[in-house]
Amino acid sequence: MIKMFSLKQNCWFIRKVVIWRAVASIAWSVLLLPVTSAVFVLLSRFSLFHPIQWISECTSLLTASSTIFSLVVLCGVVLITGLFNLEFYTLVPSIPCSRMALLGTVLHPRQCVHSLVYCTMGMLVMWCASVTIGGRYSTLGIPCKQSESGEVVTCLNEYHLFLLLAGAFMGYSHSFLGVVKNMYYVSFQPIQQYKYPRFKGCLPMVVKCSVIQSLYSARNFAALYFFFGYVPKTWISSTLHLQIDSSLQPLDSLTGLLDFSLLYHLSISGTFLYFTWYLTVLLFRIYVTEAYSFPVQSTFTEDAEQCLPKVLAETNTLVMKFLALQDLALLSQHSLSRRLEVFSLSQPGGHPHNWNAISRECMSLLSELTQRLLAHQDAVASNGRVKSQSASIDTRSASSSSSGTEDVSETPRLSVPLRTPGSVFTSSVGGMHSALTAPFTPDVDSPFSSPAIRRLVGQQEPRSPWFGTVQSPHIMRRGPKLWSASTESQSNGSPPASPATVPSPPAANQKPSFLAQWLQNRREQLPEASSQALFADSQAHIWALQGLSHLVAASFSEDQFGVVQTTLPSILSCLVVLLEAVDRHFKLPHASSKPVRTVCSMGDSTYKTLRFALRAALKTAIYKITTTFGEHLNAVNISTEHRKRLQQFLEFKE
Amino acid sequence: MCSLGVFPAPVTAAQTLFERNNELLSALHPGEHSQACDLPSPQFTRDTLKGHSRPESSSRSVFLDQRDTLWMRSAGAWRDAGLYGLLDEITNSAEEVPRFLAVGSACVLALLRWASSFHGSLFPHLTLSSDEMVAEFSQMLDWSDSALRSFAWHPHTDKFAVALLDDSIKIYKSNSSPTPTLKHRCQRSVCALQWKPLCGSALAVACQSCLLIWHVDPASLSTRPSSGCAQVLSHPGHSPITSIAWSPTGSLLVSASPVDTSMMVWDVAAESAVPLQRVGGGGVTYLSWSPDGSRLLAATPSALFRVWETRMWTCERWPCLKGSCQSACWSPDGGCLLLSMQGERVIYALTFSDLTGGPKAASVVADLSETTFPGPDGDLTVGGEVCSLSWDPRGERLAVLLKGDSQADNHPSVIAVFKTRSSPVFELLPCGFVMGEAGAEPRFMQFHPHFQHGALLTVCWSDGRISHVPFYFSSAGLLGGDSPQQALASNTTNPSSNKLYTEQIS
């Protein structure tokens, strides 16, 4: 990750655009902080029967020095949140294809640091909240009388402690759900909007999400505190030499927890906490996904780096590549003058460099996806399970050498940060939980009811179809390969799938083949995830398809020099080959099952339906070209099978 | 400005067959039937269609009344009718609940009713039931009484979909015999249909509670596609849906509901929606996307409509003088918008151009006030409010469906057809009236999207028949953006290899 970050730093786009966008989003979240704090103060001091007293108290509190200090602390929290957003955001969600991968990401050291920081920030925000609410929540120690001697000593204020621990809990669950629900995945909207209308449109959703999340967290925390609350309480009171006031009702009891005012303040503070964080995330998403207009060509050679053809070929800075593809899709639909620049010839020489570079880059993206799909289909057995790793590698090399699309893609291996086929089967860096899909999804809102975790802590089911076949020669032969596959996943940067993390001692004592088989079993648990992972970066392909098809369609009337005609056959065959691969992929089991729609969450689940969007975009792209060119396509030099397929499109039979 | 007075007198005795040599010919002329095209023209009568099935919630009257516990009834009320139902249930079972709860819920209920009646006085359409609302804002004249509920041509092939009174949808193709029937549990009170452009199979259906996207495989021979072929798109508070519009590139779908102030922009394949909210107007009733895809008209139930530009999705507000915008249509190049208002008997035109930065005011281009034509069986009055407008894809004929007076004997609804000319100035010229068989009134009309020999108007009649009226003409000047290409494509190639439109020629 550090290496990636340094790579990002080197790019002009990160330096000049992304950093400033992040700074602007953080600045806006800091500016909005006083407003949200004021609303929080109003709500926390709310009293129905003394409205005048309520208003006057709130106004005096808003100008008090303690509130100003709290604001400064909150600004620090927002800053750190913003920095984390900038550091962790991703345009391609990493989808763990197995439960091991998910566990690995949750236990990854980087994730642990993240959780720790969020716990601390949660405690800080809750401290500010408890100071603001005042009353019985304000300090950790309160004077109290001892019942025997009557002397005044400092006692532990359990209410304050309760809120602080709730903050830590909410911070951890935010961090945890960030992994599980892909909080840092930034998706692009299907339509373009200015930033302010978009923010206004999203605000109600953010409020709703933070309220719901806070209520869930409050419920879970209350349950947790009821069972384990005495541990931190006794620990704090012994280390800080605070007495426990026995005259008060302890909070880790049923009557102590059934305090309406306490629960109200807990949920209000939790809402405030989540809202602050979610707002930062929202503003960051809005700023980062704002369209950026790259020049198509430049008269100065030093600016050539920043022109669309060069930027599209860039592979290290994913955000720049995505924004460039988005810009390509937009210019192909909306801007006549920029389209003419794409179709223009270079001044000395008369070569269509712009069009060549752009079309080559789009086609290499698409053919890379085609190869990925073919490799996956070869690797997947008919029952939907992934065959052994070595087999898939063999078939991948075979398919890539025998594929007929090599001639159109001169740089098929250039797109390094986009996923290679192998990484689909191995557990991946920062892998995210994707078990939110159909069969496993009852309650994704509570972190502790996550089915993935439940499966993990549970023993291996004896009814598993693999259980009895441990000694079969098939598995024995396969075992060592799998073992090496898991070491390969380590070298890929994923957390080690070491036996220590396996919560099944008998399995660890078995010989390696059993363990490997068990691991293999764990790895294969999520069939739909592999399909999702294949299409995880398909937003880029969708834009490439839109851009290509609209440019080709526009070339019918706008291309004066016929530069598009030379590439039309390869574009058409590239699209048809991709269509065949996509069609075959959707015939696999689980590929066409729809994910369950998540009700309300800040985590973006757009990536789960990207494969459907890609299929629709692909068909629309082919239709766009066939309806524009009509019968002229008969004159285009393509193979007979492809022509047959295109004839289907000409007759609208697809 | 054109008025109905200069129109040739309508022929009441017989059905209009087609236009040729600048003349609308009717069935009075013998031997002309062979000219009619071979498109299917099915007929549906109210009797053959099963009556409107009961809503699900009322089916409980069939069963014996059984007293559930209060909890069960409250949960059921909450599920069926939301907060209102819950409060109503608690108030009604006052003897079982504590007194303070019953009184409290009665108070809250009264407060809610008062607030909603206040809201309803601002926006009167909110007091309508959902069926009444659909009938009010549908483009189909007399929607609730009609055997046909909606109609849509496929934009690229000879295929159309018809929504019927019994909530089923039938798809007719020009050549093949199987006519698929689409039925779905959620498919109730269909108000609008539209095929996805640049796609062979997807049909969007605006229903009472949701939006359905059917994927009807054109190659399939099945007559009853399963409901698994349909995607259900819904958003809380966004029903009933009265209008839908696909973007001409087929990538986005916009849906509108009169009770929801935001319209939804759907990415259908990803099943995600972006709400675009503007509070003024109290809802969105009618949507129309310009053929070049750059603008979108959104009419509200109040005297206000908006024109969105679809690049950054900002809108212009257009307050109207009298009523709300009832119907609208775009010229094929997207530069001109024709509108009709409720309560006014004129057609307005707005001309958009990128150079001048949009129009400042709408101009009146046609006057449609009542005109009486003498006829053999007494006088015939035509004219009135415009129910819907339709412009043929070449931009040469404009069809206007004029509401009649159901009380009066000789004042039926008719379709008036104008010739349109865009240069040197935009102008409407009279063409004639399209009449049906005796006693049949037009309910809905739509132009065929790519008729080769001119224009083809498809009309749904009140007797449940669908007929096609071709207008044969050679276009003087092409307005459409795509049509030069189409013309080029068909001219330059050998007719024997011309597979794309063979079905029409034959």
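How many bridges join strand β6 (residues 169–173) of chain B to β7(B)? There are two, and the strands run antiparallel. Strands here are DSSP runs (E, at least two residues), helices are DSSP runs too (H or I, at least four residues), and both are numbered from the N terminus.

Before we go on, a word on the ground rules. This is a predicted model, where local features need pLDDT of at least 70 and side-chain atom pairs count only at pLDDT 80 or more, while totals for chains, interfaces and linings use all residues. Residues are numbered from 1 along each chain as its sequence is written, chains are lettered from A and ligands numbered from 1 in the order in which they are written, and side-chain values use heavy atoms, with hydrogens and water left out.

Back to the sheet in chain B. It is open, with four antiparallel strands in the order β4-β5-β6-β7; two strands pair if DSSP finds at least two bridges between them. Its edges are β4 (148–153) and β7 (181–182), each pairing on one side only. Ile169(B) has Leu182(B) in β7(B) as its bridge partner.

Now for the interface. The contact (heavy atoms within 4.5 Å) takes 30 residues from chain A and 37 residues from chain B. Between them the two chains bury about 3,200 Å², 62% of it on carbon and sulfur atoms; buried area is the accessible area (1.4 Å probe) that two parts lose on being put together, summed over both. One salt bridge links chain A to chain B, and the pair is Lys594(A) with Glu271(B). A salt bridge needs a side-chain nitrogen of Lys or Arg within 4 Å of a carboxyl oxygen of Asp or Glu. On the chain A side, α23 (538–558), α25 (610–629) and α26 (640–650) are the elements that give two or more residues. Of these, α25(A) gives the most, with eight residues.

Over all chains the count is 24 salt bridges.

Residues 159–180 of chain A are 100% helix and 0% strand, with end C-alpha atoms 31 Å apart. Residues 222–242 of chain A are 81% helix and 0% strand, and their end C-alpha atoms are 23 Å apart.
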